[in-house]
Amino acid sequence: MSRRVLLLGATGTIGRATARALVRHGHEVVCVVRPKRGAVPDIPGTMVRTGDVTSPTSLAREVFRGERFDAVVSCLASRTGGPVDAWAVDHQAHLHVLEAAKTAGVTHFVLLSAICVQKPLLVFQHAKLAFEAALMGSGLTWSIVRPTAFFKSLSGQVQRVQRGKSFLLFDDGTRTACKPISDDDVAEYLATCLSDASRANRILPIGGPGPAITLREQGELLFRVAGKPPRFTSVPVTLFDVIAGVLGALGAVIPPLRDKAEFARIGRYYATESMLLWDPVAQRYDADATPSFGTDTLEAHYARLLRGEVADDRGEHAVF
């Protein structure tokens, strides 16, 4: 059934993929983009509106415009995960959208979240969870999708390997694992949440096809695809603790350094926590229990990157 859908976060790689998926499924899609100088971006098959999602007034006047919508799909997220940005975007902006959505007659809200919120140690995770709780108590039908690691998050060392450098590991590279998933597969999953009743009012962890893969295995895969012998360099995870401690102390007198300290804590989290379903009873990550979806593989993605067929679109997610 065709629906009128408001899509948030449409200019990111996952947002654009989701726009394509929604259009492919026959929905009428209105995309919201941030006000910027220059031309409004073209997102094929959709209507694009400029608006400030952090402003209830802008949402009413420039985005919803008193019109009816059937659903909201949100791929919106803070750019860096810094504390101020996280609470402003991951939480407060979504609350503004939720209230406006109710007024517009929206009945289904599909939220792209993250699997890491199941073990919340970081500010942005708490901000996401706070909105998840508000959405679940909103009275709307909701679907909260928590993907594992995106391909782009695992692509930071492709150029290093191309240049003949070693692949960097945290400790021995076997501490964490994930089930990588592509933007297009996540987008298809998000779009079909609107028509699959089994995904209504559920938290939906999702990974890509195939078994879980460790950081070392990612490196071995990349070298194999590149046709190069594997070379690894180990970086101690404790380095993040030192950086976070120093910047945290300096942040007491130099406020801008507080965000940098948080970024170091984010780096440590991803170096030590698997992006898989957490079993709170067994107190461990469970690869077998992490659902798989889609057909795109990390190996094929690495091959496309090495051939120059796709770009490195990590943006603010770049680590290396």
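Is Thr46 buried or exposed? At 17% relative accessibility, Thr46 counts as buried (under 20% relative accessible area; exposed is over 50%, partly exposed in between; 1.4 Å probe, protein chains only). The model is predicted: local features need pLDDT of at least 70, side-chain atom pairs count only at pLDDT 80 or more, and totals for chains, interfaces and linings use all residues. Residues are numbered from 1 along each chain as its sequence is written, and side-chain values use heavy atoms, without hydrogens and water.

**View 1. The protein chain has ten helices and 13 strands.** Helices (H or I, at least four residues) and strands (E, at least two) are DSSP runs, numbered from the N terminus. The radius of gyration is 20 Å, close to the 20 Å that the globule rule gives for 320 residues, so the protein chain is as compact as a globular protein of that length. That radius is taken over C-alpha atoms, and the rule is 2.2 Å times the number of residues to the power 0.38. The C-alpha trace spans about 60 × 50 × 50 Å along its principal axes. Buried residues make up 49% of the 320 residues.

**View 2. Thr46 sits in the loop between strand 2 (28-33) and strand 3 (47-50).** A polar atom of the Thr46 side chain lies 2.7 Å from the backbone oxygen of Ile43. Setting aside neighbours within four places in sequence, Thr46 is in contact (heavy atoms within 4.5 Å) with Ala19, Val23, Val29 and Cys31.

**View 3. Val145 belongs to strand 6 (residues 141-147).** Val145 is buried, with a relative accessible area of 1%. Beyond its neighbours within four places in sequence, its contacts include Val110, Leu111, Leu112, Tyr189, Cys193 and Ile206. Asp184 is 39 residues from Val145 in sequence. In space the two are 14 Å apart, C-alpha to C-alpha.

**View 4. Arg65 has a positive phi of about 55 degrees.** Most residues other than glycine have a negative phi. Arg65 is not a glycine. Its place is in the loop between helix 2 (56-64) and strand 4 (71-74). At 44% relative accessibility, Arg65 counts as partly exposed.

**View 5. Asn201 has a positive phi of about 55 degrees although it is not a glycine.** Asn201 lies in the loop between helix 6 (183-192) and strand 9 (202-206). Asn201 is partly exposed, with a relative accessible area of 43%.

Notes
Polar contact = N/O pair within 3.5 Å; in protein donor to acceptor, adjacent residues only side chain to side chain.
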